[in-house]
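Good morning, and thank you for coming.

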Amino acid sequence: MSVNGITSTVANNYTAPATQTKAAEVTEKDTAKDTGVVYEPSNKATDSKVKDYSSIVSSMKQELATKNQQLQNLVTKLLGKQADKYTNLADLFKNINADPATVAQAQKDISDDGYWGVEQTSERLFSMAQALSGGDASKADEMIAAVKKGFDQATKAWGDKLPDICQKTVDAAVDKLTKWRDSLSVESAE
């Protein structure tokens with residue numbers, strides 16, 4: 001059964017009322033029973049433009065602070081995982097019992113083009129920073145500060161200096177953010 005068959009059947013069975021009631025014929029009794037939708041005209045004073053932008057600015061600042069915190073948490077998490085992978089690899093070399101496939105996979109993971117390598121990890125940080133800024137390159141300095149703060153938090157959580165691969169990753173992410181920020185000034189100059 002098609003919907004069109006139902007619709008056309010219903011439409012064909014409906015007939016308009018034979019007589020229409022004029023507004024003058026409606027009694028008070030009828031209007032008391034029929035209290036459906038009531039039109040209320042708007043108040044011109046409340047429809048005017050926003051005069052207090054401080055609440056809007058405040059909510060925007062809060063949203064930016066939340067996004068910065070999200071980026072810091074991401075940096076801490078990513079660098080912590082990267083440091084764990086690096087340490088596991090170092091431990092594998094100390095442990096002669098590691099099978100060659102595990103060692104090869106760990107080396108591949110932290111290689112320059114590996115998933116936990118400098119390039120891919122810094123690209124994930126850069127992409128997250130861009131997304132959190134809403135694609136606004138003018139917020140790149142705030143994102144750079146958030147990445148550095150996240151690195152510091154990861155270092156504290158690690159309990160010692162993070163492996164060099166983590167520092168290289170942060171440097172690469174900051175470099176990407178700096179180039180992105182600088183591209184804004186080049187575009188505006190043109």
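Predicted model: local features only at pLDDT ≥ 70, side-chain atom pairs only at ≥ 80, totals over all residues.

Let us begin with the rings. How many aromatic pairs does the count come to? The count comes to 2 aromatic pairs. In one of them, the ring centres of Y115 and W116 are 5.1 Å apart and the planes stand at 90 degrees, so this pair is edge-to-face. Y115 has a relative accessibility of 44% and counts as partly exposed, whereas W116, at 11%, counts as buried.

F126 and W180 also form an edge-to-face pair, with 6.1 Å from centre to centre and 90 degrees between the planes. This pair links distant parts of the chain, for F126 belongs to helix α6, residues 118–132, while W180 belongs to helix α8, residues 164–189, and 54 residues separate them. Both F126 and W180 are buried.

The charged end of R124 sits over the ring of Y115, 4.0 Å from its centre. The charged end of R124 also sits over the ring of W116, at 5.2 Å from the centre.

Finally, the salt bridges. Side chains of opposite charge can pair when their charged atoms come close. In this model the count comes to 8 salt bridges.

K176 forms a salt bridge with E123, and their closest N and O atoms are 3.1 Å apart. Because K176 lies in helix α8 and E123 in helix α6, the pair ties together parts that are 53 residues apart in sequence. K176 counts as buried at 17% relative accessibility, while E123 is partly exposed at 33%. E119, E123 and K176 are linked in a network of salt bridges.

Another salt bridge is that of D141 and R181, at 2.5 Å from N to O. Here D141 in helix α7, residues 140–158, is linked to R181 in helix α8, 40 residues apart. D141 is partly exposed at 43% relative accessibility, and R181 is partly exposed at 24%.

Thank you for your attention.

Key: Residues numbered from 1 in each chain as written. Heavy atoms only, no water. Phe/Tyr/Trp six-rings, centres within 6.5 Å; stacked < 30°, edge-to-face > 60°. Buried < 20%, exposed > 50% of the residue type's maximum accessible area, 1.4 Å probe, protein only. Helix = DSSP H or I, 4+ residues; strand = E, 2+ residues; numbered from the N terminus. Lys NZ or Arg CZ within 6 Å of the ring centre and 35° of its normal. Salt bridge = Lys/Arg side-chain N within 4 Å of Asp/Glu carboxyl O.
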